[in-house]
Number of protein chains: 2
Amino acid sequence: MSKATAVGPSNIAFTKYWGRKDEILRLPENGSVSMNLSNLLTTTTVAFSDSLTSDEITINGGGLEEGETARVIKHLDRVRKLANINLKTRVVSSNNFPSGTGLSSSASGFAALTLAASAAAGLKLSEKELSILARQGSGSACRSIPSGFVEWLDGDTSETSYAVQIFPSSHWAIADVVGVVSEGKKEVSTSAGQQSAQSSPFMPLRLSRMKGKNEQVKKLIEEKNFKEFGQLLEAEALELHTIMLTQIPALIYWTPGTLRIMKLVNHWRAEGIPVYFTINTGQDIHLICEEENIHKVQKKLGHLEEVRDIIINTPGEGARLTHQHLF
Amino acid sequence: MSKATAVGPSNIAFTKYWGRKDEILRLPENGSVSMNLSNLLTTTTVAFSDSLTSDEITINGGGLEEGETARVIKHLDRVRKLANINLKTRVVSSNNFPSGTGLSSSASGFAALTLAASAAAGLKLSEKELSILARQGSGSACRSIPSGFVEWLDGDTSETSYAVQIFPSSHWAIADVVGVVSEGKKEVSTSAGQQSAQSSPFMPLRLSRMKGKNEQVKKLIEEKNFKEFGQLLEAEALELHTIMLTQIPALIYWTPGTLRIMKLVNHWRAEGIPVYFTINTGQDIHLICEEENIHKVQKKLGHLEEVRDIIINTPGEGARLTHQHLF
């Protein structure tokens, strides 16, 4: 038996991944820029053993739905193929946060799974190879491989579509204060919604502007221009949701609680707190602020009945191996 | 002294008016199609008198904010100019519904004001002339002049930008069941938001599609194809709001209650009730259904704590004179 444990972070995208030019390879329509999160983590142990007759997968102490299990096994098959082995696995994975509400548990989960499975299989993959592999499990997982501030390059092939570090986590002391709005699972999975991205009449125009937007956000991160950075990421989040709201059928990921906080953020800024929101394909809200304002933002969120949990993140490291045991 | 009283209906737009190609003349960027509402009404009395030294305006028993008063006086000046008179007026107006929450009180208000003031001034205006005049007070008010189902023609000049009946109110037994979500006034007035419509990157594409959309909605009304009509108007409402969400600054007119009902409507359809929503620039939600389903929709809305009031409308008549007294 060989065994490895890895920790993978979730990441928050400042420019979003929505729509794919290749469904199978999970090649996105556009590049994106994100930050790994220090405190939204999946820990995954993968053990290959010749005593197993099928893959056994436990997530957060329980099983998975059929489609989700198939997706994990498919990913393990990719690793088995690369390592040229045929053994079944036991996978035990747990998140330190609720899954399926827009906190990108599939990013942290597939990043941790990719690293743990490839290490347990004895593969020695480069960061680039890990990122390419993770991407095939869940697109945004490729951004959870490198550390700190990350860009998912806009490649047209599997070999050129991976994430690289643009700045280390120490570059800029900003934070993502997450308001967990509800623990209910969203009604439409991100994967399903992605497939109809092109049904929005606004998608082509969005795509034509993404390259410039990514250049702009990288420049603002480099310059640590928080105000313009915040304006850009908030407008980008609204634009992502605009695309989803105009898809056929329309996707509404926000809940009443999400919307209430979106509107409050505007008031908090008027009160002098520099804070901007971004939202993934789910109801939870990510409040981006500079480190010195974490406490103020946390306090504002803490007063709201819609917020079940607050998770404070600073720029985090990428996926890392914590245990490895090879025979 | 000469005096007249008119009743003006609010109207619900199936395709929306957003963005103006002429701010002063209130010429919209695109034509739109609407239905007058039987039960959202403004009643306005205008009296011209040589004993008055200034215009006295009372709305819903009280005064108006400065900007609103100036807008009404400017409209009275248009009437005075047309009638070639110089007398001051007493205007008393009241709505049978809350104003400033997206129920288009400016449409019903300026339609009633236009008709009452022009009648009191002794003018004999055609429906077209009244519609052109009403438009200059508040764009969508021009749609509240003719009866029933109405199209605001896409004209490039003041003389060609007015509303006409496309079908009488008896054409199709549909209803607009309005859920009044909150009586709080919206944070950004429609007029202010209109002026930055062009700051949405998606506005040009929207405009390029409006002509076809208007043709389509008229065809569906003609055919009484409720399902496709409902899908079109709901998608159109979402599109209007995505334009506003991507304006700079972003306009968020929905409240948590609005969003909750939007999501519920989808569930109600899944349960077998053919109902679709549309939303103006405000938080109230308009549920469009066929007449036989009014009771079901009303019952659903009645269970929601966010709904303060329910107003049931069928296709209504346009602005009409109820009293006239000329000396």
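Predicted model: local features only at pLDDT ≥ 70, side-chain atom pairs only at ≥ 80, totals over all residues.

Student: What is the strand order of the open sheet of four strands in chain A?

Tutor: The pairing in this sheet is antiparallel. Strand E10 (275-278) and strand E12 (309-313) of chain A each pair on one side only, and they are the edge strands. The order is E10-E11-E9-E12.

Student: How are H2(A) and H3(A) oriented to each other?

Tutor: Two packed helices are described by the angle between their axes and the distance between the axes. For helix H2 (residues 105-120) and helix H3 (residues 127-137) of chain A, the angle is about 125° and the axes are 9 Å apart. Roughly antiparallel would require an angle over 145 degrees, and roughly perpendicular one of 65 to 115. H2(A) and H3(A) are therefore oblique.

Student: How many nonpolar, polar and charged residues does the contact of H2(A) with H3(A) have?

Tutor: From H2(A) come Phe110(A), Thr114(A), Leu115(A) and Ser118(A), which meet Leu130(A), Leu133(A), Ala134(A) and Gly137(A) in H3(A). Gly counts as polar in this classification. By class, the contact has five nonpolar, three polar and no charged residues.

Student: What is the handedness of the crossing of H2(B) and H3(B)?

Tutor: In chain B, the axes of helix H2 (residues 105-120) and helix H3 (residues 127-137) come within 9 Å and cross at roughly 125°. H2(B) and H3(B) are therefore oblique to each other. Their crossing is right-handed.

Student: Why are H5(B) and H6(B) described as roughly antiparallel?

Tutor: The axes of H5(B) and helix H6 (residues 226-245) of chain B come within 11 Å and cross at roughly 160°. Angles over 145 degrees count as roughly antiparallel. The crossing is left-handed. H5(B) and H6(B) are therefore classed as roughly antiparallel.

Student: How many charged residues does the contact of H5(B) with H6(B) have?

Tutor: Residues of H5(B) in this contact include Arg206(B), Arg209(B) and Lys213(B), while those of H6(B) include Glu228(B), Glu236(B) and Glu239(B). The contact has nine nonpolar residues and one polar residue, and its charged residues number six.

Student: Which residues is Leu207(B) in contact with, leaving aside its neighbours within four places in sequence?

Tutor: Leu207(B) is found in helix H5 (residues 203-223) of chain B. Its C-alpha atom is separated by 28 Å from that of Gly109(B), 98 residues apart along the chain. With those sequence neighbours set aside, its contacts are Glu29(B), Asn30(B) and Gln198(B).

Student: What is the omega of the peptide bond from Ile248(A) to Pro249(A)?

Tutor: Pro249(A) is found in the loop between H6 and helix H7 (256-270) of chain A. In chain B, the bond from Ile248(B) to Pro249(B) is cis, with omega near -5°. The bond from Ile248(A) to Pro249(A) is cis, with omega near -5°.

Student: Which residues of chain A lose the most area to chain B?

Tutor: The contact takes 23 residues from chain A and 23 residues from chain B. About 2100 Å² is buried between the chains, and carbon and sulfur atoms give 76% of this area. On the side of chain A, 27% of the buried area comes from the three that lose the most: Phe202(A), Ile252(A) and Lys263(A).

How values were computed: Residues numbered from 1 in each chain as written. Chains lettered and ligands numbered in written order. Heavy atoms only, no water. Pairing = 2+ DSSP bridges. Helix = DSSP H or I, 4+ residues; strand = E, 2+ residues; numbered from the N terminus. Axes fitted to C-alpha atoms, helices over the stretch in contact; angles between N-to-C directions. Parallel < 35°, antiparallel > 145°, perpendicular 65-115°, else oblique. Left-handed = near helix turned anticlockwise from the far one by under 90°. Contact = heavy atoms within 4.5 Å. Buried area = accessible area lost by both parts, 1.4 Å probe.
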